[in-house]
Each structure stands twice: as structure tokens, then as C-alpha cells.
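Please read it alongside the coordinates shown below.

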Amino acid sequence: MSCLRLAAFSLGLAFSLPSQAKSADFTLARLLDYPYPSELVAAQDGEHIAWVVKQRGVRNVWIADGPDFEPRRLTHFDADDGQEITQLVFSPKGDMLAFVRGGDHDANWLAEHAPDPAAGTEEPRVVLWATRLPDGKPFEIGEGDAPAISAQGRLAYLSKGQAWTAPLAPKSDKAEDKPKRLFFDRGKTSELHWSPDGRRLAFVSEREDHAFVGLYSDDATPLLYLAPSTGFDRMPRWSPDGERLAFVRRPGRGGEPEPILRRTAQPWSIWIADATSGEGRVVWQSPETLEGSYPETAGEANLLWMAGDRLAFLADLDGWPHLYSIAAHGGTPLLLTPGTFMVEHVAPSRDRRHLVYDANAGGSAGDRDRRHLFMVPVDRAAPVALTPGGDLQWSPVATGGKRIAFIDAGAKRPPSVALVDDGARGLRRLQDDLVPNDFPADALVVPKAVSFRADDGVTAYGQLFQRAGASKQPGVIFVHGGPPRQMLLGWHYMDYYANAYAVNQYLASRGVTVLSVNYRLGIGYGHAFHHPPQWGPTGAAEYQDVVAGARFLQSTPGVDARRIGIWGGSYGGYLTALALARDPQIFKAGVDLHGVHDWSRFIDEDFGKAESRYEKGDREEAMKIAFRSSPVADLSRWKAPVLLVHGDDDRNVPFRETVDLARRLQRRGVAFEELVLPGEIHGFLRHASWLKVDQATADFLVKHLRDTNP
């Protein structure tokens, strides 16, 4: 980390919330009562920021205006109805704010039906809302998603895979006010971006095995496709003068079947095209190496057009996800953020001369498992730390003056929107008053960063939750999902994992020592750790890290080695089921949330439908290994009781996976319980769902790990 210059200042982050509850008052309901902010955005003029707060399942938009940035609630929804609020966007002038209510935006925003987790009698809709600022009342525009507002105040949005427009005004029955399709796109339209002058709209046309970047000007002008090819083009970014666009290109879907059992390079390139002629040229081509492959962390390539006619992007070229910049005319990319850490969420400064980002770097012990904010100029490798210390900060955006808005949290303090000067002076949290007086902060533990070595020599990492004075406690392994995720030494920047952090804290309060395992395949520890060989369906190598974590937990003072349980969701559900099937001598109980149980059912879906062509590649061998890497392959050894949890409208892991496992366990006489949530999706949308699942998880583990005759 020596490349970073830590600013000499103290944030003074003493935790000061109203009269925290004592341990005796610790209940899961109180612990889950924390407010959770997300979707933080800033207007181009920097004078407004907006975000969403979810508390007890009720989601509302909040806004704050400069220079004082005092928060105020903009919407007044009052039900735990499972309707997301996402896609917040300001108009370029900062006089309008649009947002979307409803839907499932966990990579499933084009699903045919919106989720209905509250089991209402009317079908839910995905609806566009807007409000005039500073004091306007929010109004409904109509069904739609992914809004974009031009400099001229024109609204574009997506509906049924096409680009539409409607007045930025309350829904009307007048013919002239009706929404209308902007243009016909033979593919599925996505990624709408207005030109700086608001006269043209860039978009992506997705066409199954390839994709174009297109330009719409007006109804009388044909669509212009930029340097069309057989590749997948996406991420269009306008130059400040509106004369050019940069975009990312990846190879189209085709060629000989790629190996399933072996990782191969996934090359990509950055192009620039003329916005009048459509002619384009390559600016940079990635090396055809594993490290040069298209990045898979937050924001992927994170392409931005910056000041000085430079392009900024993220890549793993040196084995870590880092920021680079390159001149628009081409040349050698400049590494801006050298070091053994990961850059994650990225935003430009208002003048586009700097990049603000969060990274698992810093000068404090354990920063590898935290996030802090940094700023770096776009033309030289000179990062400056903005928020060092023992807390966590993420999702920065540039506001008015020299301030950065972001989300701040600690080990005991739930997340809150905050501000810091880009000269690293002072920190102000905006909504500590939303934390209830009876939130049990004093009863929480500060997790400890640990590491342990698997049988094949790979070092894995984790966070240990244990109350002082523990003696002969049960131990529980938690395994995250993703798998490109990293659990942290505090509240998480994804609400799914903030919930998991809360459950691990609650288990610790119930006399259980918890080890949250950051296994290989996860992020934060370099490209090689993130992309190991023989992963998941190709060999389940990461399971060795789970076993190593369990052995570490068994040897931890205060833990009874005979009473080890495991829980996790999604990919963590897969690893939970694998542990119960493969190592019954270690794992005595488990909770499996929406896990994968038979990888062979996903081979053709996820690896290019090789069964429909003559050339099969290594599909036959891959199917065998995928099945052997699955929990269902070792069911004859499964003995421990398990709680199976799944929402039946899951669009990430099909509900069939839990149906299938339940039938198999039933035939073998294995004890299991079911908690099925009708209408819920993968990341449960209702607070009532999470509370029910979390309480059942904790109660099941405590009950089955309790030993009355130690």
C-alpha cells in the first residue's frame, strides 16, 4: 500500500447514537430495524444529491441540496410491499429527479412480470416517477424503466425492450401526452445516453450473438450504428463536445466451443467512433491473457470520458482491478492506482480531472476487509486517501464545492449517507437520527480479521464473530453468495450481505461463534484468487477453503469442535449443501438459502448450448464433473438436518433446485425443514420475509447445535 499518500487528518468517528440498547434487549427484530441507504446519485451541478432509504421494508427517496445538504424525505410510501426504488437520475440542470418503483433489478430488469412478494390481487407494475425540484410533489409518469433526461428536459426510458419517451409531467389522458416509442430497434434496446447538448440519444441494440451502439437523432433521420461489427458493443460514452463516442467491444458469440473445464482469455477493446459518420477506430486492445480478460468487478470496465481528452477504465492487467487512463488518440495506458488492492466503485469529479473511488486499501490493520475512499488525478498515479480509519466507506459521488458524498458505516454503526471534503477534512453523517433509540449497538461485537490455509496451499480469509468469555460454544460457518463477493469487517455495501452481517451478529449474541469465510472465487484478494482453476461446476476447488475455515473454527478457543454448523445463500447455499453432503463428521446442521444443488442442469444454459451443435467440445466431460461437483452427487453421506429456504419467483437460482433436493432428501430419510416464500425473488424484497427467514435461520442452527450433554 506504500503507493498511497495518507492525508494527515483525523475524522473523529466516535460512535454517538441515542441511548443504545443493552445486551438484554437484543432481539433480531430490533437489530434488523436499521435504515439502509442505497442508490446514491448527484446532479451534474453538484448542488443536489438523492438516495433511497429502506427501513422496515419501506422504501423512500431522500434528497439534500447544497450548500448545507440537509436531508429531507421526498416520497412518502408507507408499506412493506416489496416494491424496489431504483434508477434515480437528475436532469442535467438539476431541476428534475426521476426514479423507478417496482421490478427486480438484480440483473433481471427485462423479466416479463414484475415481482409480487406481497401477494397482492393486482399485478405489480414497473413505474416511472418524477418530481420538480426543489419543492415539487412526486408524480407518476407511467410504466417504464431506466430513465434518461436530456439537457433539453426530454425524457427517454425503456419499456418492453424498446426506447420510449413521455412528457416529464403527471400522467395524462390527452393524446399528445401519451407515451410513444422513440424508434424501432430490431434488437433489445438498453443503455440510453443523451448527448451533452441533448439532441441525440446513444443506445445499445442487443441482438443475441452481437450488439451495436446506435444513435437516434430525430424521426426523420435514420439510426446511425457506430462501426458495426460481429462483436458485442456496449457502454457508450460521449466526448464532452458531443462529436465522438467511446465504447467497449467484446467478441460476438460464435466460433468453436470454448472449453468449459479450463479458463480462457476473454479479450476486449476500447473504440472511439465519429458521431456524424459512424466511422470508428480501436484505441486500446487488451492482451489475450487471463489477467487481460474483461473485468468482472463492480461497473466492469467503468469506461469514462475524462478531461484532457483522456479515457479512464478499470482492468486487471497487473493481477488486481485497477484504474487506468489513456489518451483518446491511443497509446500506452497509464496505471493510476498501483498496489495490491482492488478498486471497486468509481465516479468522476465534477471537473472530470480526477477519479474518486473506494478500495480495500489503507494504513489500518484489517483494511483488506474494508472499503475506504481515495481520489486520483486522471493523468498521473498520485492517489490520496480521503477516509482512513477503522470504518467503511463506499459509493462516492462528487457534489458541490469540493465535497464528496458517499455511504459510511462501521462494525457497530449501520450505514448512513455522509459528506467529506475532497481535501480530506472532516466527515459529516446526514441521517444518524434514523437509527432507532433501541437499536442494540452496544451488544454488537467487532469482528476480527483472520486467515487460514487450505489443503492445496491456498490462503483464504474470514471475519470471526465471538463474544468475550466464550466457552464451549457451537461454531457456525457463513459462506457468502455471488461468488464474486467479499464479506467485510462491518456493515456491507449490498443490502443482502448487510442482512447476513446482522444475522452473524445475532448468532454471536446467542452464544455462537461465527466464522464468515471469504473463499477463493471471491473478490478483494487479486485476480488469481477471484479466478481459480477447477472452480464450482469444474471441480469445486473453493470448497477446500470452507473445510479449512471449519477446521480453523474447531481450533478456535471457546468453540466446541463437535458442534459446527453452516449457513449461506445462493452460491453460499450451494457450499452449505456441499458441506452437509461431503463432510458429515464436521458439519452437524445447516441452513441452505436458494442454493444450487445440481450443476449439470446449468452447463448448457450457462456455457453456450453446446448440445444444439455438432461440435461438443468438452461438454460430455464437463457434464460428468459438474455433477460430481454438486451436492446431489454425495447425498448417500448426508446425515445432518437442514433448513431449505427459497422464494418461488427466484430469477437467479430456479426454485426447481430446492424442489429437487427436497425430494432426494425425503427419499433418503434425511431430516429437513422447508421455508418457502411464495412470490419472493432471490434477494427477498420484503422486510417481513427477511425477518422470518433470519429468525428461522438462527433458531434452526441454535436448536440443532445445542448439546445438553457436552
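**Cavities, helix contact and sheet**

A cavity is a set of points, on a 1 Å grid over the protein atoms alone, where a 1.4 Å probe fits but cannot get out; grid points are joined across faces, edges and corners, and a volume is the space filled by probe spheres set on the points. The model is predicted, so that local features need pLDDT of at least 70 and side-chain atom pairs count only at pLDDT 80 or more, while totals for chains, interfaces and linings use all residues. Residues are numbered from 1 along each chain as its sequence is written, and side-chain values use heavy atoms, with hydrogens and water left out.

**Largest cavity**

- The lining (residues with an atom within 4 Å of a point) comprises 14 residues, and Leu 32, Tyr 34, Lys 54, His 687 and Trp 690 lie nearest the centre.
- At least two lining residues come from each of strand 3 (48-55), helix 2 (495-509) and helix 9 (687-705); helices (H or I, at least four residues) and strands (E, at least two) are DSSP runs, numbered from the N terminus.
- Helix 2 provides the largest share, three residues.
- Six lining residues are nonpolar, four polar and four charged; Ala, Val, Leu, Ile, Met, Phe, Trp, Tyr, Cys and Pro count as nonpolar, Asp, Glu, Lys and Arg as charged, and the others, Gly among them, as polar.

**Other cavities**

- Across the whole structure, the search finds three cavities of 30 Å³ or more.

**Helix 2 and helix 9**

- The two axes (lines fitted to C-alpha atoms over the stretch in contact, with angles from 0 to 180 degrees between N-to-C directions) come within 11 Å and cross at roughly 35 degrees.
- In contact (heavy atoms within 4.5 Å) are Tyr 496, Asn 499, Val 503, Tyr 506 and Leu 507 of helix 2 with Trp 690, Asp 694, Gln 695, Ala 698, Leu 701 and Val 702 of helix 9.
- By class, this contact has eight nonpolar, two polar and one charged residues.

- The open sheet has the order 2-3-4-5 with antiparallel pairing, where two strands pair if DSSP finds at least two bridges between them.
- Strand 2 (36-42) and strand 5 (70-73) are at the edges with a single partner strand each, so one side of each lacks a neighbour in the sheet.
- Strand 2 pairs with strand 3 over five bridges, and Val 41 stands opposite Ala 50 in strand 3.

Definitions and conventions. On a 1 Å grid over the protein atoms alone, a cavity is a set of points where a 1.4 Å probe fits but cannot get out, and a pocket is an open set with protein on both sides within 12 Å along at least five of seven lines; lining residues have an atom within 4 Å of a point.
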